[in-house]
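Here is a friendly briefing on one protein model, covering its charged pairs and its nonpolar cores. Have the viewer ready and follow along.

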Amino acid sequence: MNSSMESVYSGVAQADTALLLNNGHIHTPRHHHLHSVYPGHGQGLRHHTPHLPPSSPSGQRLRHSQPMHIQAVRCLQEEHQLRPASLPAIPNPFPELCSPAGSPILSPIQTSDNHIVKVWSEDGAGKVVEIPADMMARDVCQLLVYKSHCLDDDAWTLVEHHPILGLERCLEDHELVVQVQASMSSDSKFLFRKNYAKYEFFRNPLNFFPEQMVAWCQESDGSIPQSQLLQNFLNSSSCPEIQGYLYMKDPARKSWKKLYMLLRRSGLYCSTKGASKEPRHLQLLSDLEDSNIFTIITGKKLHNAPTDYQFCIKPSKVRSDCKELKMLCAEDEQSRTCWMTAFRLLKYGIVLYQNFNAPQQRKANLLPFSAPVRSVSENSLVAMDFSGRTGRIIDNPVEAQSAALEEGQTWRKRGQRINVLGSPNPLHPSSLSTVIHRTQVWFHGRIMREDAHKMIIQQGQVDGLFLLRDSQSNPKAFVLTLCHHQKIKHFQILPCEEDGQVFFSLDDSATKFTDLIHLVEFYQLNRGVLPCKLKHPCTAVAL
């Protein structure tokens, strides 16, 4: 009996060995094979002859000295089947380390969708911001305003600047910054500056579109209302048309040729025969969908342009190839502004109007308690009126503002009277009046006349855009640079002395001011001898 059982177990052991050594395939002699089943105690052993796999010839025997590959998964499965039911399974004490999702080592690296964008200011300083791929130019400007502690007046914009090509343009508020950055060359960069003329054509459209340049104005034999003028541009079903003569540069000959051009929704066309508008005489120069319009900032000497009013149409796919650029030149600033504004309106349409209304809608949706939280000391201050026997709190904000202005004027006059009487004030009135303005955003110190022109042009050339600077001809005087009707004018501010006190005046001492801040505040409320009121300070922020 013992000998028979030993022979049975030896057969089982040989079968298991063959099972593990040959990748899960059983190699046995061609006569018969012993297969064991362990369903439980008390059951017998059955013999059967299995089918041989086709890869194993019937006459081939297993060579025990030959190394064989063992499948680990099959071994674990067989071990699990042969494990006695009486032994409990040992639980895994660290299951989170075995799953790739919960393991800090086995889990895949999470890639961020944010992108790095560097923005430069006018003074050459830069700031690096990390933004998502779907962040628009408007939101990036809001972020920079918050980080730089600037006054948010909805005039800030991102400028796409190409120094090698000498081109730049203001990004539209809805454009994706990451997408624009992907189309820029390595030497290009973003600038952060103000542009007051970004949506000025919605407020005064007749100043941007002369009647002789708009096709339907000539057909109607008269001027049309402003609302109808903009509706024709914003309505996709209408067919507005800008027409006129422009100079175009020939890239092969490097010369300029005067051509009659038409700007439509389908693109920019030039006439090959005078001012003819017949389709057979029109040649397509550029479409609007895959192109952007830029201002040329290098001046007319570099390109030998006939005038200073240059602009360029650049395909979006072009990075640094000058041959693909359409270099154009207008007769005056008003014509160039008309062409560039019409290009934007015909390309984007109603989207520009939505961008224009977005800040107003955002401010209208703000709740009273959503204003910026001030400090405790500021919140504890209230406007008081002590003109009567007892003081009272001024609840009307208009009255409170006028009271604050009156109090400021009273303190200013009181300080002048004390200083004239010889008060031992460490700040002499003459020295104080010459330095107090240097902290203001509209004062730019010792800059050249050409630099003042450049800053005014870059920030929009709207009526009332101004800055103050030191005079180059008179070291004690200052110069007010003001834009009116897209023309830049300069007014000298001369000092005058009266009773030992220094004053400043624009009109030969007819109206005198103790300092430049007082002068600017006056001309912001009154036009005086100026062609218009001071409205928009030309600022340069340091990021």
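E168 and R193 are both buried. Their side chains meet in a salt bridge, with N and O 3.0 Å apart. Please keep in mind that this is a predicted model.

**The buried pair**

**Other salt bridges**

- In total, the structure holds 14 salt bridges.
- One of them joins E278 to R280, whose closest N and O atoms are 2.9 Å apart.
- E278 has a relative accessibility of 37%, so this residue counts as partly exposed.
- R280 is classed as exposed because its relative accessible area is 64%, and the cut-off for that class is over 50%.
- Another salt bridge brings together the side chains of E498 and K512, at 2.1 Å from N to O.
- This pair also links distant parts of the chain: E498 lies in strand β17 (residues 487-498) and K512 in strand β19 (residues 512-513), 14 residues apart.
- E498 is partly exposed because its relative accessibility is 35%.
- K512 likewise counts as partly exposed, since its relative accessible area is 35%.
- Through salt bridges with shared partners, E122, E168 and R193 form one network.

**The largest nonpolar core**

- As background, nonpolar side chains tend to be buried together in soluble globular proteins.
- In this model, the largest nonpolar core has 36 residues.
- Which of its residues touch the most other members? They are F202, F209, I242, M261, L263 and W339.
- Helices α5 (200-203), α7 (226-234), α9 (333-348) and α10 (350-364) each supply at least two residues of this core.
- Strands β6 (242-250), β7 (255-264), β8 (267-271) and β11 (310-315) also contribute at least two residues each.
- The largest share comes from α9, which provides eight residues.

**M261 and its surroundings**

- What does M261 contact, leaving aside neighbours within four places in sequence? The list is I242, Q243, G244, L246, M248, L268, Y269, C270, L285, L328 and W339.
- Two of these partners, I242 and W339, are named with M261 among the core residues that touch the most other members.

**A separate core**

How values were computed. Residues numbered from 1 in each chain as written. Predicted model: local features only at pLDDT ≥ 70, side-chain atom pairs only at ≥ 80, totals over all residues. Heavy atoms only, no water. Core = buried A, V, L, I, M, F, W, Y, C linked by side-chain atoms within 4.5 Å. Buried < 20%, exposed > 50% of the residue type's maximum accessible area, 1.4 Å probe, protein only. Helix = DSSP H or I, 4+ residues; strand = E, 2+ residues; numbered from the N terminus. Contact = heavy atoms within 4.5 Å. Salt bridge = Lys/Arg side-chain N within 4 Å of Asp/Glu carboxyl O.
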